[in-house]
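Here is a guided tour for a first look at a protein model.

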Amino acid sequence: MAKLKISGPWSGVLDVELDNWTVIMLREEIARRSNCGVESINLICGGRILKDGDGGEKLLDLGVKNNSRILARRVSTEEGKSLNVELMAEEERSNRLARVKAAATALAKRHANGFLPVEDFNIELEDQSGQKVNLGSETDQRAIMMGLMLHANAKQLIRKGNYKEALEVLIMGEEAFSLCNPKLIEFVDNVSILQIDMVWCYFMLKDIKWLSDAGLRLAKAREGIERAHGKDSSRVRLLQAGCHPELALHLRLELLEGVAAYHSCMFDKAREAINSAQMKYSQLQVPDEALSHVMDMGFKEGEAKRALRMCHQDVCKAVDFLFEERTKRDKKREEDIERQKEIKEQKRYGMTPSKKAVDLQRLKELASIGYEKNLAAEALRRNENDLQKALDDLINPETNSVIQNAVESRKRKRQRQTTDAAVDKLVLMGFDRTRAIAAFQAGGSLEQAVNLLSLPDTKSTVDGQPDSVPTASASEYGSSSISNIEEIQDMLDNFDNGEGPSTVEENRDSEMESELARELDGASAVSDYDMDVTKEGEAITEYLALLDSLMNSEKA
């Protein structure tokens, strides 16, 4: 038996079995001795509140030891319920943050090193002109991808006003970027923008304890942006065809620099920074007439405002900008469709021993000199995409024969899998398995098999085979909503094709991974600069008033 020293509504020593007692049992015992309800008692040990959890965790598991001091705090029933709700919300938030980090880590790991995608998309790094780039080693690629995914997720949280959670995600993003070679990200502005977003969260949370940290972060952000954007943002202007997408970002930076200076009692510096931010805020106000002109061209209000802000209210430039953005989106959509087809093809070929996808460019090279695609793909798969080794195996009659046998064996296995999957569906519909096999083999598709099995003149013989299976087409018996053989094939593409490891990864948080992927998919080269500056305008007015009040009091 262990002894717990209790203080609060009831004070004394309790003898408990730490490996048997739960928090609920301890709370009930203290409530009984205090003559109050269980819900009105909260327990604190070692500076943290003891939670009920699932009711099965023992005190020993929670770190409670012999002679531990337990503070029992009595609260009203409503306050107790409110605290429980708050604790549950905090636990849910912690779980979500853990899921976000795990999902970002998993996605970055799969997409940075050429693994065969589990999904029907690839995550790739692009520069501001939309060109795909490879930065450094696989570790660097993974770190940058993870940082970008976490930053995109944090931006969504900021837009929703969830600044506390956004700040924690941004901290995880900063940790991810820190794993990358600093030289590789020296001339990109993503890390600097993340720093500004972190300080913006400090400001929105009104958390004065971050003041010294805010100043350091803003100094790093300004240095990084000036390095990445060039003198007077010349590099951005060149990349964005004379547009000014970075204006809102600089507004936020200068406002935050002014706020930090104000709270550090550097009032002259604060006024200078906030006055500069106010000028940029004025430049970002969109005239109704200009907005109307752009919207008359068929664009929505939100995108019209964004274009006008980025183009200094020039209607012609804004319209050109929007049409160019639309062209880029259409091109990206076409590329995504093409990439989905490529991934589907790669899944048919399977993975290399190190779980990489077959390199389609090298496959095209082998196919261009006369080798059959499946054969060439298998040679590349076996040789980790080494073109010369694959070619040597194809030229060698002995290894070529081995590869051909492997391709044929896989083909037969996939046919069996396709048949089994289709027959299982037919059995679930209520058809006899033996007849279902015969019908599927005769029809060649799930739809045709259903049509054949539904015919009144299709009867079973003694051995269970149909007497006759008439030829029938879908058009003769009406359309069907049942998936055909190709859809079953798509399903089988996600499973082990007989050679190499399976493409299926267990314990994936597909819901969170999809959320992160969607947030990235909606981004463009100027997404980081696209921000609503309403709150910035309010803050500018507030701090200028504070500075004016301070100046007037000094004069008095």
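In this predicted model, five strands make up an open sheet, and their order across it is β2-β1-β5-β3-β4. The pairing in this sheet is mixed. As background, strands of a sheet pair through backbone hydrogen bonds, and they can do so either parallel or antiparallel. Look next for the edge strands: these are β2 (12-16) and β4 (48-49), each of which pairs on one side only.

Now zoom in on one pair of neighbours. Strand β3 (residues 41-45) and strand β5 (residues 69-74) run antiparallel and are joined by 5 bridges. Within this pair, N42 of the model stands opposite R73 in β5. What packs on the sheet? Helix α1 (residues 23-34) does, touching β1 (2-7), β2, β3 and β5. The direction of α1 makes about 120° with that of β3.

Let us move on to another helix, α15 (residues 387-395). Which residues of α15 are buried? They are A390, D393 and L394. These three cover an arc of only 100° around the axis, so they lie on the same side of α15.

Is E345 buried or exposed? Its relative accessible area is 14%, which is under the 20% cut-off, so E345 counts as buried. The side chain of E345 makes a polar contact of 3.1 Å with that of K373. Leaving aside residues up to four places away in sequence, E345 touches L360, L363 and K373.

| Residue | Relative accessible area | State |
|---|---|---|
| C36 | 14% | buried |
| C180 | 3% | buried |
| E345 | 14% | buried |

Cysteines raise one last point. A disulfide is a covalent bond between the sulfur atoms of two cysteines. How many disulfides does a search of the whole structure find? The search finds 0.

Technical notes. Residues are numbered from 1 along each chain as its sequence is written. This is a predicted model: local features need pLDDT of at least 70, side-chain atom pairs count only at pLDDT 80 or more; totals for chains, interfaces and linings use all residues. Side-chain values use heavy atoms; hydrogens and water are left out. A disulfide is a pair of cysteine sulfur atoms within 2.5 Å. Buried means under 20% relative accessible area, exposed over 50%, partly exposed in between (1.4 Å probe, protein chains only). Two strands pair if DSSP finds at least two bridges between them. Helices (H or I, at least four residues) and strands (E, at least two) are DSSP runs, numbered from the N terminus. Contact means heavy atoms within 4.5 Å. Axes are lines fitted to C-alpha atoms, for helices over the stretch in contact, and angles run from 0 to 180 degrees between N-to-C directions. The arc is that of the directions from the helix axis to the C-beta atoms. A polar contact is a pair of N or O atoms within 3.5 Å; within protein, one must be able to donate a hydrogen and the other to accept it, and residues adjacent in sequence count only if both atoms are side-chain atoms.
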